[in-house]
Amino acid sequence: MKRAAAKLQMQPETAAGTVTAKALRELVDLEAGRIDRRIFWDHGIYRMELERIFARCWLFVAHESQVAAPGDFITTYMGEDGVIVARGTDGKVNVFLNSCTHRGNKICHAEAGNKKRFTCNYHGWCFDTAGALVGLPAEELYQKTCPGFDKDELGLHRARVESYKGLVFATFDETSPGLDEYLGDYRWYLDVLLDNDEGGTEFCEGSIKSRMACNWKFPAENFAGDSYHAAWTHNSGAVAMLGQGVGKSNQEKSYQMNVNGHAWQFGLDMVGNAMTLGEQDIVDYLRERESKVAARLGKIRSRMVGAISSATLFPHMSFLAGHSTFRTWHPKGTAEIELHTWVLVNKSAPDALKDKYRNGVMRTFSPSGTLEMDDGDNWENASASNQGVVTRRQKLHYALGMDSRIEHEELKGVLHLRKYNDSNQRAFYQRWLDLMCKE
Amino acid sequence: MALVLGDNPALKKPLPPQPSPLPPMQLVFEVQQFLYREARLLDEERYQEWLGLMTGDIHYWMPGIQARYRKDKTPRLDPKRMALFDDDMLNMRRRVTRFLDATAWAEDPPTRSCHTISNVEVELTPRDDEFKVYSTFINCRGRGETEEYWLTGRRTDLLRRAGDGTLRLASREIVMTQSVLLAKNLNVFL
């Protein structure tokens, strides 16, 4: 059956690598707050994104809890490259291409599990949990008839791997700075989620995957800082979960923060996002823990734990910090993504509470969720409308909150006052532009 | 030695059918009519009447589907894994509340949904008032101009006869064929 999404794939306009830095800077005019729609539909630009963003950035690939034991693995994507994330017998997490070095067949067809060896279905080449080639049928013939045959050279192509407090990242760029530098002061904010409890965090089991016919940047920029859409887009979901629409928030007590293109918009209301899960026990849990979290992270970050907020870790990992939904938007073309979603919980939380988190997140932020359902419609239509040749020439407006920069004695990163603000989205596209202009 | 082609010890043998008691035809008819009517209520967006077909202790479950190897010892469907629906009556009412809200933008213009229900099998249980019912569904959703989403799968229901003599849905397990949902949302009950 042909999917609607496939019809949205635009015709190639430019070959990869032919859009110059000068042209890109004209498309993304952040001083004027105008962005040309071409960055959402042009195939050449999309190919450049895969090469200059997804093949270079540190990309979130897994939570360590998903590959807790030696042999545990998941399969996922880095850009459009399929990868296996596997815990080796030495306890280290490895990330390598899910494509045989012999004829290129996909090696692992399961999305999760535990294996000592990954054996290709085609000719039986066999790789270990670090991606090394450890065996192949008729190996003696290879030894005899292939001059210089060396199994060590035929392992699966590996990515660099580093992690931050449970989140595993990988990059195919062998020369870029490490993860700590990539994240910078964003780590101080990530600790709100990852380090508010001494036991650390885990993902609930499983994940929900779905496809959307939209450009990957629309959901990424939305989570980066689009607090503005919430009250309007999600009114019906809020009525369902809270019994009333999204309340008017005090803009002067809310913030947008960005660092290195990573973004987080938040209030300090402590429970606003968590309340949308519809579980009183979760709100009680957060309230009970407030002083403990304050002792650990300080008062201001203790007010962020369940607060109304959204965030994108550049380029494609997003979460609602106060709500525990975690997701990645994998690019699959100019107007197609694969969405993977998970639920983050404190490891030490009671099992019954973890169940409530899992169900609450799924009920609101999964394809069937009362809040997410209206997002997909917006992003698909924002992508599809660019099929029109006149429509696609019109620029989009990103100029809200131009002069809202503030300094704060505690809050780190580049800070802007008011969460109704495009500053995080401009920061997202500034990082996009910097990477795209770098040959 | 030359292989003799034909029957060989590796070939699997047919198994004789296992006889099972036939449920009364009247009951099967009643269950079918219940399921068809339920499907029509959904297609006509009569969600409150649809909720009225459920028991107060309804469990409505649609697990996420994972592609895992056959050797994998973990259950194929695990209540601990993430699910598209894992709801009691309160949460079903929340979902219905969103569908019926005037600001549910993704429902306006309305999504056009058609549920086709088939392969209905009724099994008697140790309780006189409860029946296990298997069925399959094909659901097609049309939205806007040309959007079209197909979803198919199997359902296992528990139907319970209420005090007034009518059937109610007490639990439903929905197993779809897609592991990556090929749609931007699942704005439909199945």
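Modeller: Let us begin with the interface. The size of an interface is often given as the accessible area lost when the parts come together. Here, chain A and chain B bury about 3,900 Å² between them, and 53% of that area lies on carbon and sulfur atoms. Please keep in mind that this is a predicted model.

Colleague: How many residues does each of chain A and chain B bring to the contact?

Modeller: Chain A supplies 48 residues and chain B supplies 43 residues.

Colleague: How many salt bridges cross the interface of chain A and chain B?

Modeller: A salt bridge is counted when a side-chain nitrogen of Lys or Arg is within 4 Å of a carboxyl oxygen of Asp or Glu. By that rule, seven salt bridges cross the interface of chain A and chain B. One of them joins R363(A) to D87(B), with 3.8 Å between the closest N and O atoms.

Colleague: Which elements of chain A give two or more residues to the side that touches chain B?

Modeller: Among them are α1 (4–7), β14 (208–212), β20 (337–346), α14 (351–364) and α15 (372–384) of chain A. The largest share of that side, six residues, comes from α10(A). By residue type, the side of chain A that touches chain B divides into 18 nonpolar, 16 polar and 14 charged residues.

Colleague: Which strand of chain B is joined to β14(A), and in which sense do the two run?

Modeller: The partner is strand β7 (residues 180–181) of chain B; two bridges join the strands, which run parallel. Within this pairing, S210(A) stands opposite L181(B).

Colleague: How many bridges hold the pair β4 and β5 of chain B?

Modeller: Strand β4 (residues 130–143) and strand β5 (residues 147–161) of chain B pair in the antiparallel sense over 14 bridges. Within β5(B), R160(B) is the bridge partner of E130(B).

Colleague: What is the strand order of the open sheet of three strands in chain A?

Modeller: Its order is β3-β12-β11, with antiparallel pairing. β3 (59–63) and β11 (160–164) of chain A each have a single partner strand, so one side of each is left without a neighbour in the sheet. The twist averages 35° from one strand to the next. Five bridges join β11(A) to strand β12 (residues 167–171) of chain A, and S163(A) stands opposite V168(A) in β12(A).

Colleague: Finally, how many salt bridges does the structure hold over all chains?

Modeller: The total over all chains is 42 salt bridges. One pair is D281(A) with K356(A), at 3.4 Å from N to O. This pair links distant parts of the chain, 75 residues apart: D281(A) lies in helix α12 (residues 280–297) of chain A and K356(A) in helix α14 of chain A.

Conventions. Residues are numbered from 1 along each chain as its sequence is written. Chains are lettered from A and ligands numbered from 1 in the order in which they are written. This is a predicted model: local features need pLDDT of at least 70, side-chain atom pairs count only at pLDDT 80 or more; totals for chains, interfaces and linings use all residues. Side-chain values use heavy atoms; hydrogens and water are left out. Contact means heavy atoms within 4.5 Å. Buried area is the accessible area (1.4 Å probe) that two parts lose on being put together, summed over both. Helices (H or I, at least four residues) and strands (E, at least two) are DSSP runs, numbered from the N terminus. Ala, Val, Leu, Ile, Met, Phe, Trp, Tyr, Cys and Pro count as nonpolar, Asp, Glu, Lys and Arg as charged, and the others, Gly among them, as polar. Two strands pair if DSSP finds at least two bridges between them. Axes are lines fitted to C-alpha atoms, for helices over the stretch in contact, and angles run from 0 to 180 degrees between N-to-C directions.
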